[in-house]
Amino acid sequence: MQALASRGPSGSRCRLSPRCLEKLAGYLEQGPAAHGWVEDQVWTAARVATLIGRKFHVSYSVSGATRLMRRLGFSPQVPARRVAERDERAVTVWKEATWAEVKEPGRPAGATSASRTKPGSPVGRPEDAPGAGAE
């Protein structure tokens with residue numbers, strides 16, 4: 001029975017003390033701008049890993065920082081990658097006008113079978129084709 005008892009969660013232990021985890025949560029609540037990331041207000045896992053290295057001199061991987069953030073009640077954010085010169089009105093006009101012309105029409109509903117394993121109908125096959133006489 002003693003050999004079957006759990007030894008607790010597997011994997012490496014957290015390299016930050018409970019006091020450091022409290023400090024990290026406080027840093028995360030201050031926001032990225034307070035720590036030098038002024039482009040946008042999102043905590044990415046890479047930024048958190050960098051913050052941990054700067055403040056606590058401990059190296060964390062991006063995936064490790066993600067797990068640590070989730071444990072503290074935060075979720076890593078992925079910033080939207082958009083061009084600074086993006087013109088939303090021009091994009092909307094293009095979608096409504098140009099995309100409608102360029103987009104190919106879908107297949108007609110009755111022309112094909114939805115099943116990938118069921119062969120097409122023998123109607124319209126040449127009479128000497130395989131399966132033409134099967135109906």
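How are helix 2 and helix 3 oriented to each other? In this predicted model, helix 2 and helix 3 are roughly perpendicular to each other, a term that covers angles of 65 to 115 degrees, whereas angles under 35 degrees count as roughly parallel, those over 145 as roughly antiparallel and the rest as oblique. The axes of the two helices come within 8 Å and cross at roughly 90°; axes are lines fitted to C-alpha atoms, for helices over the stretch in contact, with angles running from 0 to 180 degrees between N-to-C directions.

Residues are numbered from 1 along each chain as its sequence is written. Because the model is predicted, local features need pLDDT of at least 70 and side-chain atom pairs count only at pLDDT 80 or more, while totals for chains, interfaces and linings use all residues, and side-chain values use heavy atoms, with hydrogens and water left out.

The protein contains 4 helices and 0 strands, where helices (H or I, at least four residues) and strands (E, at least two) are DSSP runs numbered from the N terminus. The order along the sequence is α-α-α-α. Of the 135 residues in the protein, 21% are buried; buried denotes under 20% relative accessible area, exposed over 50% and partly exposed in between (1.4 Å probe, protein chains only). The accessible surface of the protein comes to about 11100 Å², and 52% of this surface belongs to carbon and sulfur atoms, with areas taken from the Shrake-Rupley method with a 1.4 Å probe and, for residues, only the protein chains shown counted as cover. Among contacts (heavy atoms within 4.5 Å) between residues at least 6 apart in sequence, 44% join residues at least 24 apart.

Helix 2 comprises 12 residues (residues 45–56). At 1.5 Å a residue, helix 2 should span 16 Å, and its end C-alpha atoms are 16 Å apart, which agrees; the expected span is 1.5 Å times one less than the number of residues. A45, R47, V48, A49, L51, I52 and F56 are the buried residues of helix 2, and they pack against helix 1 (18–30) and helix 3 (62–72).

In the contact between helix 2 and helix 3, A45, A46, V48, A49 and I52 of helix 2 meet V62, A65, T66, L68 and M69 of helix 3. By class, these residues divide into 9 nonpolar, 1 polar and no charged; Ala, Val, Leu, Ile, Met, Phe, Trp, Tyr, Cys and Pro count as nonpolar, Asp, Glu, Lys and Arg as charged, and the others, Gly among them, as polar. A45, in helix 2, counts as buried at 8% relative accessibility. Apart from neighbours within four places in sequence, A45 is in contact with V62, A65, T66, M69 and P76. The C-alpha atoms of A45 and S63 lie 7.3 Å apart in space, although 18 residues separate A45 and S63 in sequence.

Helix 3 has G64, A65, T66, L68 and M69 as its buried residues, and these pack against helix 1 and helix 2. Helix 1 and helix 3 pack at an angle of about 90°, with their axes 11 Å apart, which makes helix 1 roughly perpendicular to helix 3. In this contact, L21, L24, A25 and L28 of helix 1 meet L68, R71 and L72 of helix 3, giving 6 nonpolar, no polar and 1 charged residues. L24, found in helix 1, is buried with a relative accessible area of 1%. Neighbours within four places in sequence aside, L24 is in contact with L16, L51, I52, F56, L68 and L72. A distance of 9.3 Å separates the C-alpha atoms of L24 and M69, which are 45 residues apart along the chain.

The loops and helix ends were also examined. H35 is located in the loop between helix 1 and helix 2 and is buried, with a relative accessible area of 11%. Not counting residues up to four places away in sequence, H35 touches Y27, Q30, W43, L51, R54 and K55. By contrast, H57, in the loop between helix 2 and helix 3, is exposed, with a relative accessible area of 71%. Most residues other than glycine have a negative phi. H57, which follows helix 2, has a positive phi of about 55° although it is not a glycine. Just after helix 3, G73 takes a positive phi of about 95°.
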